[in-house]
Amino acid sequence: MTTTLPRTVRTAPAAPGAPRTTGGHLQIQGLHKSYGTLEVLHDVDLEVRPGEVTVVLGPSGSGKSTLLRLINHLERPDRGFVALDGEVIGYARRPSRRHGHVLRELTERDVLRQRTRIGFVFQNFHLFPHLTALENVVEAPVSAQGRRRSEVEAEARELLARVGLADKADARPRQLSGGQQQRVAIARALAVRPSLLLFDEPTSALDPELVGEVLAVIRDLAHGGTTLVVVTHEVAFARDVADTVVFMDAGRVVEQGPAAQVLSAPRHARTRAFLDKVR
Amino acid sequence: MSAPTQTAVPDVPDVPAVAPAAATALADLPVLPARHPGRWVATAGVAVLLAMVASSLLTNPQWEWDVVAQYLTWPSVLQGVWATVRLTAVATVIGFGLGTVLALMRLSRSPLLQSVSWAYSWVFRSVPLILQLLLWYNLAYLYPQLSLGIPFGPELVQFQTLDVVDKFGAAVLGLGLSQAAYSAEIVRAGILGVDQGQHEAAAALGIPRGRQQWRIVLPQAMRTIVPTSVNEIIGLLKGTSVVYVLAYGELFYTVGVIYGRNQRVVPLLLVAAIWYLVTTTVLTVAQYYLERHYAKGALRTLPPTPLQRLRWTLGVARSRSTGRPLPVDLPPGFLAGALRRGHLTRTATRGDKSRRDTGGPA
């Protein structure tokens, strides 16, 4: 499916004074996750270098969403670890007399603090329906990072302008279209100035004609230096924006490599079959 | 309705074939509402019944309306009303404050907190209120003195139990603590009703846990909590009449004392009934506006309040008869009747095509 950038989306460039987020370095090693007897992730390794865009492709049930949820510790891994800029997510490295070092599980409070470095955009937006667009964006920087409300509000308005919604600051989610809601959700994720942004099928819940406006915003971010991991079915978007493409099936990484190579000349038959089907 | 011959308008097969001249003639015809003879019969029947009730209320001297009028604003009756309202208010605060805490305990991950909350609800829902009230009133028998201090350590302050748990204290404790057991369940149901994605989104943003509950979850839970809660508060308001067993001077006990003296039982019971009606009416109105307040995120546009509707209807009528301009805040849809039928209904969240506009930002 190809998507073209609709003319209606005006993405303003970031204001010169706005602090630039620098991309984080994501390392995943030997990640395992099971629900009961069902193994959803098997020994997943992945490295995303600062500022890189990685697109994860794969059929439903291949473990893509679970991988994202493990990265920001919404789920706890059974084995393996996720590290952002060398810091293990969900655990702290502590010296131990018996083992030299151990990984001590973090309290919820500390995990919440770590999560402010990771933005998450959900398939179904999950905006807070009782708050306006602006309040949705302002909430986390103020309550999770303790920043001054006035300063955050000014920045939030800039972010809304950046996703083309400057005039919708006072609208509530239900008064917005799906595409507009998802763009507010992106602004909300950006407000905590994350060094890593995770997108879980950001356009799957949208009508086809609204997909373009959301992808345009993500494309804009891809050029902005933040590290992105995007789970999507939009192959054209992957070809256009991704540095690396990861293909997953049945909880395993089947193939990963430069976008052009994986998408045009996949090595594995499974990847080829999938790409033939979605193209 | 079967369409006439298709041959008349071969280009547009879906439109009933009516000659253009006939179509314009149709547009000129007046439109009459459908007839509902059954509805008229039922209406007449109910009207007759109402008239019978009204006439008996007015003509039967045993109601003694003059006595009712005399005692309706009697100082001790008014004091009783105030005592009832005060009891309800304090018990509501205790009931819902403690109830919210119990609900959060029940939903916490600590097994001890969960079981304590469960046991609390079990005990306080199982023991009749009237028994609880008498027990609290006899607290001084069990513990003549109460003290604040360090657990198992020295005492800091000491009270005589009878000074703290007097009639009002016992009444408020009994009503509030048993109410907490019920409101805990209401609050818990409200919290469980909030979409799991909301909890996840708040957690993914790193919002601290207490703030997640207060700012994100509870305001959304309020939409389901409010209607049942007001129901509970109304029950509590009437339930305060049970406190007469402590001889506390609330409305029901006060009227009882008065008719015990003057033997005008029915008119005085009517006085109490009227006051209960008045106070519950106030609560019902408050409920309407509370529900409206918490509907903010669930509705695209709020329907007008009855007051707005009344004002607009009068404004439109006046404008029609005198030619004065329409009210300035009149929404365009009102004249079409679309808003007059407005209910606090949830808009469809998915699959409702009208919700999605096609373009980008306007």
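This is a predicted model: local features need pLDDT of at least 70, side-chain atom pairs count only at pLDDT 80 or more; totals for chains, interfaces and linings use all residues.
Residues are numbered from 1 along each chain as its sequence is written, and chains are lettered from A, ligands numbered from 1, in the order in which they are written.

Chain A, domains. I found chain A divided into domain 1 (27-77 + 194-279) and domain 2 (128-193), with bounds from an automatic or database domain assignment. Their centres, taken over C-alpha atoms, are 25 Å apart. I get 10 residues from each domain in the contact (C-beta atoms, placed from the backbone, within 7 Å). On the domain 1 side, helix H6 (residues 208-222) gives the most, with 4 residues (helices are DSSP runs of H or I, at least four residues, numbered from the N terminus). That side has 8 nonpolar, no polar and 2 charged residues (Ala, Val, Leu, Ile, Met, Phe, Trp, Tyr, Cys and Pro are nonpolar; Asp, Glu, Lys and Arg charged; the others, Gly among them, polar).

Chain B, helices. I checked H4 (residues 75-107) of chain B against H9 (residues 167-193) of chain B: they pack at about 45 degrees, axes 6 Å apart (axes are lines fitted to C-alpha atoms over the stretch in contact, angles run from 0 to 180 degrees between N-to-C directions). By class, their contact has 16 nonpolar, 6 polar and 2 charged residues.

Definitions and conventions:
Two residues are in contact if their C-beta atoms, placed from the backbone, lie within 7 Å. Helices (H or I, at least four residues) and strands (E, at least two) are DSSP runs, numbered from the N terminus.
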